[in-house]
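Dear colleague,

Please find the structure that I am handing over to you below.

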2 protein chains.
Amino acid sequence: MSGRVTSTDVAREAGLSRATVSYVLNDDPRQTIPEATRQRVLAAAERLGYRPYGPARLLRGARSTLVLMLTPGLQRATDFVAAGIVTQLGMALREHGLHLVWQLGTEDDRSAAMDLAPAVVLSSAGEGEPAFAELTQQFSVPVLPAFPGLPGFLGGAAVTQVDHLLERGRRVLAYAAPPRADLEPTSEIRWQAIVTEARRLGLAHPVRLTLSANRGEATAQLRALLAEHPEVDGLCAYNDEVAFTVLAAAHDAGIDVPGRIAVIGVDNHPFGYLAVPALSTIESDVTEFVTAFAKSVAQVARGEEGRDVLLPSSARAVARASS
Amino acid sequence: MSGRVTSTDVAREAGLSRATVSYVLNDDPRQTIPEATRQRVLAAAERLGYRPYGPARLLRGARSTLVLMLTPGLQRATDFVAAGIVTQLGMALREHGLHLVWQLGTEDDRSAAMDLAPAVVLSSAGEGEPAFAELTQQFSVPVLPAFPGLPGFLGGAAVTQVDHLLERGRRVLAYAAPPRADLEPTSEIRWQAIVTEARRLGLAHPVRLTLSANRGEATAQLRALLAEHPEVDGLCAYNDEVAFTVLAAAHDAGIDVPGRIAVIGVDNHPFGYLAVPALSTIESDVTEFVTAFAKSVAQVARGEEGRDVLLPSSARAVARASS
DNA sequence: CTCCGTCGTTGACACGTGCAAGTAGATCGC
DNA sequence: GCGATCTACTTGCACGTGTCAACGACGGAG
């Protein structure tokens with residue numbers, strides 16, 4: 001590396017020592033520096049385009065400003081919820097002087113974070129999972145769950161779905177699960193929450209259906225479901241994508257929504273507003289979570305014990321034409 | 001930092017010098033090391049859980065394995081195209097020994113990359129934009145456009161839209177632009193490509209419409225458009241989100257799609273398959289771009305001159321019920 | 001004039017690593 | 001038998017930074 005401008009260069013340019021330069025640029029309050037030399041250093045630094053070299057200051061013992069977020073890839077369109085949280089979190093952390101960087105892909109790639117030496121690592125793996133403990137060991141850095149309290153968050157949305165359909169006068173519910181096997185754990189949480197809430201409200205035990213991703217098959221499945229369970233009049237979908245599948249199937253089967261059956265999704269995907277009929281859904285306001293979580297992460301980054309923050313377990317129904 | 005295990009610790013544990021430890025762990029081919037000591041070092045390192053400290057090796061002059069991607073936040077659901085490219089690129093770069101990290105948000109935050117000292121920076125800003133030159137100056141690191149040849153990419157999709165509608169027997173086209181002002185530059189590229197292709201094919205000059213995000217307003221707009229231009233029988237949407245708006249408006253207005261007007265979007269959003277009617281769209285295969293681009297980035301990271309790689313300007317029509 | 005405190009500045013060290021150069025001891029060539 | 005080569009290591013420097021302790025100058029107090 002020949003091209004790097006070091007603080008030694010600045011010192012030479014300003015005709016001062018490197019120490020003085022360092023004191024000026026970090027404006028160390030314990031040092032008294034006359035305005036004249038201050039300006040001299042600043043001018044020299046500006047002239048040379050000096051930028052302190054991160055690795056060197058880290059080596060010296062400075063705390064990193066980096067927060068590393070580890071998640072699997074963004075394959076599905078519905079991952080936009082997580083993407084939104086990450087985006088917001090990045091902005092919130094910036095106000096604490098921290099910088100969020102995001103690494104997609106398999107989490108077992110340990111060498112990744114070596115070069116960047118983050119202050120904190122956020123992992124999408126839940127706190128209980130084995131991958132989590134492994135990470136803590138791998139980095140010599142605190143590891144936090146990226147989405148703490150996720151089960152409550154997921155369950156809360158499902159509960160709100162049931163409450164909303166009850167308000168709309170529905171009494172016998174179905175649950176549409178996604179076809180992807182890797183979503184099974186989350187789907188199970190939603191399903192259990194729906195079952196529990198239905199029981200609490202004195203409703204009939206809900207019917208569960210794993211909906212095909214194929215439109216024709218989904219149509220047949222929906223027809224069969226309503227034939228077999230004619231009393232079903234409301235449907236909670238795993239998320240808006242599954243809800244879209246239900247709407248498409250209902251349209252193709254000539255089933256009236258919400259006349260014959262009411263449908264509600266989760267996520268408040270922007271396309272839901274444009275569905276036929278417009279899709280009712282559940283929206284979760286995560287802004288207060290994000291700000292609280294950012295503060296907690298900042299504490300951990302400073303070496304303190306971070307306060308526990310959980311994703312909100314309450315959610316809001318967005319009522320549209322499909323329910 | 002008390003807790004860090006250094007190579008000195010490993011050396012002491014193995015009863016050898018630090019240099020030997022370094023040679024073993026980096027298996028330096030210029031050194032001959034007997035298997036016995038080799039194992040001794042490896043065992044000691046394993047026992048202590050030693051992980052070399054990235055900043056220190058960077059300081060020593062090692063090349064960083066990090067590639068920093070800078071883009072604005074992922075707000076809109078349609079950003080999933082970019083998200084997909086980023087995900088794929090991350091995997092491709094890993095095969096070159098590089099690690100992609102992604103920072104969302106405003107690009108003017110220069111201090112961000114300081115701590116992580118990347119080998120290359122990828123900016124979503126186009127090569128021509130002023131922000132681009134600024135970045136190159138700010139980092140002392142090569143900056144590449146994250147999506148090179150974006151105009152051709154965008155135009156190619158639009159051209160394919162026109163060709164497809166012509167194949168379907170449509171002769172007079174409309175173009176539906178998005179309401180967001182920040183998309184205007186991209187939208188203009190699409191519009192120009194459509195105009196040019198229509199002229200080349202001897203079609204009438206297309207009609208341009210900036211569609212409201214409000215469903216009711218969009219319905220009125222679409223009605224007015226078809227009343228004013230009764231000869232219009234095909235519509236190219238800016239992307240699938242706008243196309244969804246068109247489909248919703250057509251449904252609400254009682255306009256038959258594709259009977260009265262054929263509609264085609266861009267992006268191949270997964271929800272398009274579930275639209276009413278199923279949305280025709282344009283799909284671009286970026287895998288060969290991604291692999292070629294990853295190779296180019298790896299060259300630049302090694303200090304060589306990277307070969308120019310462009311996003312594909314050709315695209316494929318996905319024909320569904322809406323056209 | 002001497003002593004001492006303050007101000008402004010500097011030399012020197014440490015952080016953890018990679019690698020060039022050097023060094024004992026063993027082995028080889030003649 | 002003795003220098004030359006080779007093996008298996010070690011000593012030591014450099015990377016760029018933050019900061020402690022020291023140091024000269026200077027001015028005021030006695």
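**Contacts with the DNA strands**

In this model, which is a predicted one, an N or O atom in the side chain of A:R57 lies 2.6 Å from a phosphate oxygen of DNA strand D.

DNA strand D is surrounded by 26 residues, of which A:S7, A:R18, A:Y50, A:R57 and B:S17 are the closest; a residue is near a strand if one of its heavy atoms lies within 4 Å of it. Sugar or phosphate makes up 52% of the atoms of DNA strand D within 4 Å of the protein, and bases make up the rest. At least two residues of this surface come from each of α2 and α4 of chain A and α2 and α4 of chain B. (Helices are DSSP runs of H or I with at least four residues, strands are runs of E with at least two, and both are numbered from the N terminus.)

Turning to DNA strand C, 26 residues lie around it, and A:T32, B:S7, B:R18, B:Y50 and B:R57 come nearest. Of the atoms of DNA strand C that come within 4 Å of the protein, 54% belong to sugar and phosphate. A polar backbone atom of B:S7 is 2.5 Å from a phosphate oxygen of DNA strand C, and a polar backbone atom of B:Y53 is 3.3 Å from a phosphate oxygen of DNA strand C. The side chain of B:R60 has an N or O atom 2.7 Å from a base nitrogen of DNA strand C.

**The two protein chains**

Chain B superposes on chain A by a rotation of 180° with 0.1 Å of shift along its axis, at an RMSD of 0.1 Å. That is the relation of a two-fold axis. (The superposition is by least squares on the C-alpha atoms of residues with pLDDT of at least 70 in both copies.)

In the interface, 58 residues of chain B are in contact with 57 residues of chain A, contact meaning heavy atoms within 4.5 Å. Because 98% of the interface residues of chain B are also interface residues in chain A, the copies meet through the same surface. Between them the chains bury about 5,400 Å², with 62% of it on carbon and sulfur atoms. (Buried area is the accessible area, with a 1.4 Å probe, that two parts lose on being put together, summed over both.) There are 7 residue pairs in polar contact between chain B and chain A, both residues at pLDDT 80 or more.

**Salt bridges**

Over all chains, the search finds 22 salt bridges, each a side-chain nitrogen of Lys or Arg within 4 Å of a carboxyl oxygen of Asp or Glu. Across the interface of chain B and chain A, the rule finds 0. One of the salt bridges joins A:R215 and A:D252, with the closest N and O atoms 2.8 Å apart. This pair links distant parts of the chain, 37 residues apart: A:R215 is in helix α9 (residues 215–228) and A:D252 in helix α10 (residues 240–253) of chain A.

**Conventions**

Residues are numbered from 1 along each chain as its sequence is written, while chains are lettered from A and ligands numbered from 1 in the order in which they are written. Local features need pLDDT of at least 70, side-chain atom pairs count only at pLDDT 80 or more, and totals for chains, interfaces and linings use all residues, while side-chain values use heavy atoms, with hydrogens and water left out.

With kind regards

Key
Polar contact = N/O pair within 3.5 Å; in protein donor to acceptor, adjacent residues only side chain to side chain.
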